[in-house]
Amino acid sequence: MTKHTVHKDHLAWGSSFVPIMLVVCAPAYAQWTVVVPDSYRGEEAIHTALDDLKDAGANFGITLEVANPPGEGDPFVAPGNTILLGGPDANPATKYLQSVNKLTFDGVTNPEGYEISTISIGPAKVMALAGGSVLGNAYGLYWIRDRLLVNGQLPDINVRRVPALGIRYTRIEVRSEEDIRRALSYGLNTVYGENPLRLVPWNAEPERTENEVFRKRTCELAAYAHSMHMKFMAMGTDFTYHPSLLEEFGATLTPDDPHFWDAVQAKYRMLFDAMPELDGVTTFTADEQSYWGNYRTFDVMHGGGECDWPLEKRYRTFVKKVWEVVVGEYDKTYFNRTWATNVYEQQARPEVFARIFTDEVPTRNLYLIPSFTQNDRWWFQDYNPTINQTPHRTMVVCETMDYHGGEGLFPTYPGAYFQAGLESMLDVPDSNLSGLSLDMPAADDWQTRSLTAYTVSRLAWDHHEDVRTIARDFAAIHFGPKAAEGMAELLLRSASAYKYGLYIEPTVYGDFSSLPLIRVGQFNAQGYPLMDGGKAQMELLRKIYLKCKPWIPETLMYLDHGLETIQSMKNDFAAFQSGLESTKADEVARTLNATELLIRTNNEYVKTIFAYFAYRDAPTPENRAALEARFAELRNAGDALKQAPGASFLLYGVDQLLANVQLALEDLEGALRLLKNAPSPAEIEEAVQSEEIKYAKVLEQYAGKAVKILHWRGKIDGTDVVRMRGSEVSIQHYSWDGPQVERAEVASPLPQQAGTVLVRSIATRPLHPFVLEQPSAENGFTVEILLSDAPGGGDWWEFELFFVGTGPAELGIRDSLKARL
């Protein structure tokens, strides 16, 4: 997409404008004139769309010259191939051709719709674009651009397009004018901006002064979005706040305190008083809360000490209180994300949703946003059943369908899945589905995010459009016309490869997550594998085995089908890859290879799980031989995946199973005894709490002598290990979302000598940070600190490390908690 400086006259208007560019092998119809009426001269959306159209044309040796229309009532003589921008009410040239019966329009009543008609006048082509508004005309220009990118030239276009969904937005925060221009190119009409925490003028420093800068920049972005005829929303999570707000209202963190609701409403009054430029606000109350620094969060739906309010009352009250301010007082728009990370609340249960959103909850300017599916992930999940349950308008989130994640993999095509879901939600009487979101990519590449955004943007306008055509168009844009059909076929089969190659069918039902062994670029290891020898991991794998045990042949049939699908995709690609430019062909081949290795590793992983427990339950020679074979195959597959060019996948869970299988093959009884005697999560947590008490006592005993060596702060969501050696501080990620390190300030290097490191927790969740391994000569005087955040969303952790020259044994502190409590 074009990167350009924003100003109103960056296009040359009038027939004297001649672009300077090198044209090589210019195709037929290589020169075009775009006739733009005077009324569009100051329209940023038109400028942006024309710039992007011109740039696209330049890639194919096509020039576009902008010209003025004839005077009102004057005849129009086509100067050559021409695009007429604006309907007969806006463009005199279009009006003239309509008056002499050269052009006819069915007309669009939707302001965002448009109609394009192509006619021939002598040897020239005339393409007339009539949009329902300025924005409709801009969208029409982007459709012309899309057809150009797909075909490599400007074909005849005869189409009438009106969006199926009225609100189309990205939940990815826009941080620049370029982001807003990109949103326009995807046919969006709403964008998200800054978090309200950064916009409210809190009665506290330094936040009050800091937020002046954020408001200034947000005002600029909102103004630019408005110049594009787009809506601009703030987006945050709730209930997040600055402590000064509770102090001001004397509020306590409980829903049965009226002052609490005064504080909630005051937050949004402060927001819109300070930022009237905002068109509204989006918020949600689930686990993944966004806050930092001195800001805090409160779980309105479950917290509050002795408050006995049920979920339905809490949620309904929250929405009503926010609505009273956002819509009732300021006449803005309120988006409420109904997401929850469980299977029994408003995200997943239609009866709970209906009990919350009764007639007490207003409908004006309120949009409720559930996920596309009932629970987490997509495959083997129902579409969200809370759509169309009440009169309240809803929108859905169309996320990328690649929860397996990992770099260097072939993209996942979501077209058929999203289309069927949209049809089930929209093609019913009185549907309340009013919009959707797409995750706007930062680059126009051919990876999953770009593929998903392109597909969703097409379905948002016509949810019945042929998904094979969409896939072929995307392939033509990124791989060229010769390879388009072949690449489209690969894209269409990608979903089957991932669904059947990675998901274990008998395990997917009833749980929040339908993919228990893989998460965003890694095979998970459950529990505390660094400390329990794989006990928790093997207990999880046992549950999976028992779920599958009655259906092992069918389970393996599905997994093998996924593997066979990706293998056939590789073979088919080899037959047409010569139609791609060599660098692109190599890139596709690498991703197909990495995807095959991932699916093969998962295939062998599951087969090894089955073989391990079969041998454990019945240690016959046949079962041992089967396990030995599976062990070798899994090790080879995992090694190949680790070494795959361009791939990035962590195999913690796989490696843990391999370690336990090896022990079982060496000495089954001894291996089972080790697992039985390994500490449970509760025993590990009890041991860590004991160490914490000792840390505090030693720090008190050595007050004034303990040397502070590190102050660390970051957001943790899962398990991570902080390592310090000398002045070097690093962090290794093990599970769930990766860490966000805000501060790793070395106060003094860790001495290269024997001693003890002590942890002082400032703000952390249980399990609090603790020393996994003390520094010693054997580990190069490196200390390891384990950070393990309990499920339920991440949180900010802050702690300090101190060093004393006395050894751990003398202080009664363990030198290591690694797998031998």
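Helix 4 has as its buried residues Glu177, Glu178, Ile180, Arg181, Arg182, Ala183 and Leu184, where buried means under 20% relative accessible area, exposed over 50% and partly exposed in between (1.4 Å probe, protein chains only). The model is a predicted one, so local features need pLDDT of at least 70 and side-chain atom pairs count only at pLDDT 80 or more, while totals for chains, interfaces and linings use all residues. Residues are numbered from 1 along each chain as its sequence is written, and side-chain values use heavy atoms, with hydrogens and water left out. Helices (H or I, at least four residues) and strands (E, at least two) are DSSP runs, numbered from the N terminus.

Back to helix 4, which spans residues 177–185: 7 of its 9 residues are buried, so the rest of the structure largely encloses it. Its buried residues pack against helix 1 (44–58), helix 3 (134–151), strand 8 (190–192) and helix 5 (207–227), with contact taken as heavy atoms within 4.5 Å. Just after helix 4 comes Gly187, with a positive phi of about 75 degrees.

Helix 21 (residues 681–701) has 21 residues and reaches 30 Å from first C-alpha to last, close to the 30 Å expected at 1.5 Å a residue; that expected span is 1.5 Å times one less than the number of residues. Its buried residues are Ile684, Ala687, Val688, Glu691, Tyr695, Val698 and Leu699. They cover an arc of only 115 degrees around the axis, which puts them on the same side of helix 21; the arc is that of the directions from the helix axis to the C-beta atoms. An α-helix has 3.6 residues a turn, so residues three or four places apart point the same way. Helix 14 (529–532), strand 21 (756–763), strand 22 (770–773), strand 24 (795–804) and helix 22 (808–811) are among the elements covering the buried residues of helix 21. On the face turned away from that buried side sit the exposed residues Ala682, Glu686, Ile693, Lys697, Glu700 and Gln701.

Strand 18 (residues 719–725) and strand 23 (residues 783–788) pair in the antiparallel sense over 6 bridges, and Thr719 has Ser788 in strand 23 as its bridge partner.

Thr565 lies in helix 16 (residues 552–576) and, at 8% relative accessibility, counts as buried. Setting aside neighbours within four places in sequence, Thr565 touches Arg493, Ser496 and Ala497. A polar atom of the Thr565 side chain lies 2.7 Å from the backbone oxygen of His561.

Most residues other than glycine have a negative phi, and most peptide bonds are trans. The bond from Glu205 to Pro206 is cis, with omega near 10 degrees, and Pro206 is in the loop between strand 8 and helix 5. The bond from Asp238 to Phe239 is cis too, with omega near 5 degrees. Asn365 has a positive phi near 60 degrees, and Val520 has one of about 45 degrees. Val520 sits in the loop between helix 13 (481–502) and helix 14 and, at 45% relative accessibility, counts as partly exposed.

Key:
Pairing = 2+ DSSP bridges. Polar contact = N/O pair within 3.5 Å; in protein donor to acceptor, adjacent residues only side chain to side chain.
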